Structures are given as structure tokens and as C-alpha cells.
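User: I'd like to learn how to read a model like this one, feature by feature. Could you walk me through it?

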Number of protein chains: 2
Amino acid sequence: MRKVLVNWEGVGQDNVGRLARYAEVVESWKLDKRSLEAALPEIDAALVLSWPGFMSREGLGGMTRLRLVQTFMVGVNHVPLNDLPASVVVCNNAGAFSVEVGEHAWGLLLAAAKKIVATHTLVRAGEKSFSAFREERDIKVLDGKTMGIIGFGGIGRTVAGYAKAFGMKVVALNRSRKKAAGVRLLYGRKGLELLLRISDAILISLPLTTSTDRLIGQNELGMMKKDAMLVNVARGDIVDRAALYSHLKANPSFRYATDVWWFKEGKETLETEQPFVGLPNFVGTPHTSGPTSLAGGAPQREAVDNVIRFLRGLKPRNVVDRSDYKS
Amino acid sequence: MRKVLVNWEGVGQDNVGRLARYAEVVESWKLDKRSLEAALPEIDAALVLSWPGFMSREGLGGMTRLRLVQTFMVGVNHVPLNDLPASVVVCNNAGAFSVEVGEHAWGLLLAAAKKIVATHTLVRAGEKSFSAFREERDIKVLDGKTMGIIGFGGIGRTVAGYAKAFGMKVVALNRSRKKAAGVRLLYGRKGLELLLRISDAILISLPLTTSTDRLIGQNELGMMKKDAMLVNVARGDIVDRAALYSHLKANPSFRYATDVWWFKEGKETLETEQPFVGLPNFVGTPHTSGPTSLAGGAPQREAVDNVIRFLRGLKPRNVVDRSDYKS
């Protein structure tokens, strides 16, 4: 019987039970170090949240039966792709968080547009005069404006639906040619530049890969409208940190709202060299959009479904194209 | 020729020009006290933002030609209805801010659901650990939940549209029998109680009148789900302040997000007896949803349109039913 390693204590026992119909389930946190090491050579598939320490390059060397790595997350930047032999298929959990992350993205956009965080912070600090805010011409209405979506996967499509309900025109940068009603699709570098120039609000919703690392730098920020709003729910490093900080300082009407932060030594961190959180035109939530929804419901189930697909001999979905991540 | 008093310096000259085709326009801030007093007896209609000091009970006594008061705002709680003779028709600006206030309401709801303000505040205060937030099971997904709308006018209908786009079921408390697709309409006290019990998110979007003053008190808060989210974009005093504070303290999962604040000596104030802004389950913006959008665009134009309707001998819209405000 095949063996599936699950490396996340938060997995529901209902999902463990579903896997157990097709394989023996090894719950890593239940084993001591020795038993775990003994089990590794027999593992056929691994289902992981963060990357397990025992699956270092050395540990992987002994996992000769491993054929599938399935992540609970969408991003696979924590997976050591270079250490995994070509015989291992890596699948992410794309699409599983579309609603959770899409809703969060829309909350960030409205928080920026309506200055919800900035004004709440001032009231909390003791501002008592309404007129201090009523001079404020800087509250933005979305209706009638243009929403630009960079990366038109599950999250991008979800947000496009919200944007249409809010009376916005929608343009989206896409790789595939799959159409969507009421959305103008753009392609390639020229498409990106057009999107940056015409959009009032911009969403970043594509994976961090070799070609999207620092996709938005000084040059691209300069193409955007002076009072554009940029929302990031993908990965921090898609935006050049130093260029963004300078841009926010120089353009008080420009706004950046993010749920994702920059990597430091391979790990996302809330510590930033530049003091972003002190800027009134910066809104940052601590990557709460996806992970918190893993606890229950669809995202967890969908990752398990894909492992079951593999165990049944079917083609798994969401196979990662490793060439996107070549360094 | 008839005379229209405009008592707001922020009015656009395009709108003054439109009024001038039908009447002589008296711009109060351009006159000295004596000239203004001399003009009052000849004023047929007054277009006001806040209530003018010179239109005190005494000042009104001399305004014998006055037949129309038109407010730029939707709420008329600043208008001294008891001092105005029955011959004066009072019109508010209902509907003019539906999009602005509706968008703001949705921003407040998402800020509460996703804890955008609360988590941003913690990050800003120096929290550096993602895991401090990932234990957080308290990020709410709107998709599939029930939205309850108390007051189904322009703002309520706008928000119902957003709720449907977010995959929510919508129920609304209404006075009229005008239907709306995909919305379950409820009526009267029983309808209110049902709405309070079944809704995950609740919007207050009805005027503050004698019968809605403290409509939501201890009793009504107790009927709501323990982790419901209550959003107020109408008037602070529709919610009993002391009862709300106790409820927020006793139920950390319950959330209140508001753009409107309680009255003190007849004026809305950011000073509250209870320290709401220090609570993690309270989000408050300083009434930025409507007033800020007056500067340009539709809301201002619609108030002027209604005065023109009156000047042309047509029936003005949005006539206030004074019996709603009897004290």
C-alpha cells in the first residue's frame, strides 16, 4: 500500500480519513524523529504546509519513492525545487483560495480608497474635529473607474466580478487566451504597460516566479497614475521594495495596500528595511487572507482531492512549471 | 424674480449658474451681516449644508416668503423642523450619495470581516510574527453568508447589489412594497427581529427619526449572532451607545464598523463617553463617506436639480415627512 506523508498538524481528521481510503497516512507530528526517518524512504506523496526541516536536501536523498509534492498554499516559493529530482511532480493549491483572497483584496482596495485605516488611526490618536477630514478631497469613488488586474487566475477572476458589480471597467493581463465577459484582456509587456497607464486601481495576483520577481519597479510605478491604488495579494517581492518606498514618499496620493510582505533569507517577514507601516498611504495586513481560511473548508479539501487524484492514477491538477522558477 | 439663498461656500459656480437661470442667487458668504439680513425677507428657497446661524428661530420669523428648504445632506437632523412653519417644504438629498456611501459601507464591512484595521494596527505597533495572526480563526468569509439591510433606500439597494456579487443571501427591512430581485423583503418589528437573528452582517441605512432613535439597543444586540458584524452609515444615534459598548466588551467576536457618530447637544461628535476607538472590534471613520463627495459631482447637482424643480413649479422630490421627526 502506498504511503502519504502529511506535514501539517492542522489537517482535519475528515481529510486524513479520505486519504486513508487510498493510502497509509503518515502524520509527521505524531512520530518521533527515528520513526519518521524510517518512514521517509517509503513515502510516495507528501502534502505540506511550510517545508519540513526533515525534507532537506539530505533527507530528500533518501526519499526514492517520492513522486508527488502537494502544497496547501498557492505559492510554492517555500519549496526547494532545485533539490527535488525531476521524477517528483510538484502541485500547488491554485484556485483554492480565490474567494478568501479575492474578498481580502477588495477589502484592501476599499480601505485604501476610503482611507479607512488612515482616518481611523487619526481618530484613535485623538483627532476630534470632523472638519480636519472634510477638507479631505482624497476619498476615492470606484464607480466608473478602471480596475487593472495583473494575473488573471482564480483570484483575478473573482476580483473582476466584484469590480464589475462596483461599476468599474476591467482590464486584465493574462497568459492564456481564455476569455471573460466584460473584461478586456491584455498580453505581454505592452499589455502590462497599457494596464499600468490606464488603471485607477491595480491588483497584483500572479505567482512570484523568475519572470515576475520585481516586475513592478521604479519604471513601472512611474507609468501609473499619480493617485493610483496598488493592491498586492500575491507575493511581496513582485514589487521592488526600495522603489515602492520612494514612490509612496514622493506621491502622497498614491496608495499601496498589501497582504504580502518581502522575503528575507527565503522567508516572508514583517520586518522591512523601510518603515512602510508609518506611511499614511500604506495599508498592510499580515498575510491573513489565505492561511487563516485553511483551518476549515475548501482550500484544505482541494489539496487533499488532488493527492487522491494522484493516488487513483489520474493526472493531478495545478502542476507547477518548474521553468518558471529557474534561478 | 424669485430669490434662492445658497449657504455653502463649496457650491460649484456651474451649479450657481444653473440656479441663476430661474432665480436670483444669494450667496450668503459673499454678503456682510447687514446685507444678508436685508435679503432674508425676500428669500423663496434656501439650499443649505449645515444649518445657518442667521436662520435661527428669530431669523426665520422674518423669512415670510420662504417655501422650500433643500439640504445637500441626506439626513435632516440638523434642520430645526419645529421652527419652520408648515408652509415650508423641507427636502433632503436622499439617493444622491448612494454610491459613495454604499462603497464606504462595503469597505467598513470588509475592514471588519478581514480585521484590516485591527491587524494593521498591531503590525504598526511592532508585532513581527506572522504566527501571532495565523492562529487567528476570526477572519470571516462573506461568500455564502447572510447580509441583513435595515432600510432599503438608495444606499441599501446599492449594498444589496454588492452583497449578491459577493455570493451572499440578502434580506432587507423595508417600508415600501417595492420589490428587488434576489432580495427577501421583511416588514415591521417582526421582520426586524428575524433579520437580526439570521444575518451574519447587518447594515443600518435608514434615517434617524423619532421611531429609529436607538432602534438598536441592548435587546436587539442580544438577538444578533454572537459574531455578527454591524455596519452603520446612517446616524450614530440609531444605535444605543452604552448598550453597544457593553456588547462589544462582552463579545470580542462581535464587530461594529461605523462612519457615523453620536450626537451631543444636537451635533455629531467624535468625542464619545465610552472609549470605542480603543476596542479591537470597533472600526470608526470620521463621517467621510458622504460629505467628501459633495465637492464635485452628482450629490451637489442633484440638490440643485430639486430646487430648480421647485422654481419651475414642479413637485420637488425627497419631501421630508415631518411626522417622522416629532419629538
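User: Let's start with one residue. Is Glu268(B) buried or exposed?

Analyst: Burial is read from relative accessible area: under 20% is buried, over 50% exposed, and in between partly exposed (1.4 Å probe, protein chains only). Glu268(B) counts as buried, at 16% relative accessibility. Before going on: this is a predicted model, where local features need pLDDT of at least 70, side-chain atom pairs count only at pLDDT 80 or more, and totals for chains, interfaces and linings use all residues. Residues are numbered from 1 along each chain as its sequence is written, chains are lettered from A and ligands numbered from 1 in the order in which they are written, and side-chain values use heavy atoms, with hydrogens and water left out.

User: Where is Glu268(B) found, and which side chain does it join in a polar contact of 2.7 Å?

Analyst: Elements are DSSP runs numbered from the N terminus: helices are H or I with at least four residues, strands E with at least two. Glu268(B) is in strand β13 (residues 267-268) of chain B. A polar contact is a pair of N or O atoms within 3.5 Å; within protein, one must be able to donate a hydrogen and the other to accept it, and residues adjacent in sequence count only if both atoms are side-chain atoms. The side chain of Glu268(B) pairs with that of His287(B) at 2.7 Å, and also reaches the backbone nitrogen of Trp261(B) at 2.8 Å.

User: Now phi. What should I look for?

Analyst: Most residues other than glycine have a negative phi, and most peptide bonds are trans. His287(A) has a positive phi near 45°; this residue lies in the loop between β14 and α11 of chain A and is buried, at 6% relative accessibility. Glu265(A) also has a positive phi, about 50°, but Glu265(A) is exposed at 81%, in the loop between β12 (263-264) and β13 (267-268) of chain A.

User: How many residues does each chain bring to the contact?

Analyst: Contact means heavy atoms within 4.5 Å. Chain A gives 50 residues and chain B gives 50 residues. Buried area is the accessible area (1.4 Å probe) that two parts lose on being put together, summed over both. Here that is about 4,600 Å², with 71% of it on carbon and sulfur atoms. Glu103(A), His120(A) and Phe130(A) supply 15% of what chain A buries against chain B, more than any other three residues.

User: How many salt bridges does the rule find across the interface?

Analyst: A salt bridge is a side-chain nitrogen of Lys or Arg within 4 Å of a carboxyl oxygen of Asp or Glu. The rule finds two between chain A and chain B. Glu103(A) makes one with Lys114(B), with the closest N and O atoms 2.9 Å apart. α4(A) gives nine residues, the largest share of the side of chain A that touches chain B.
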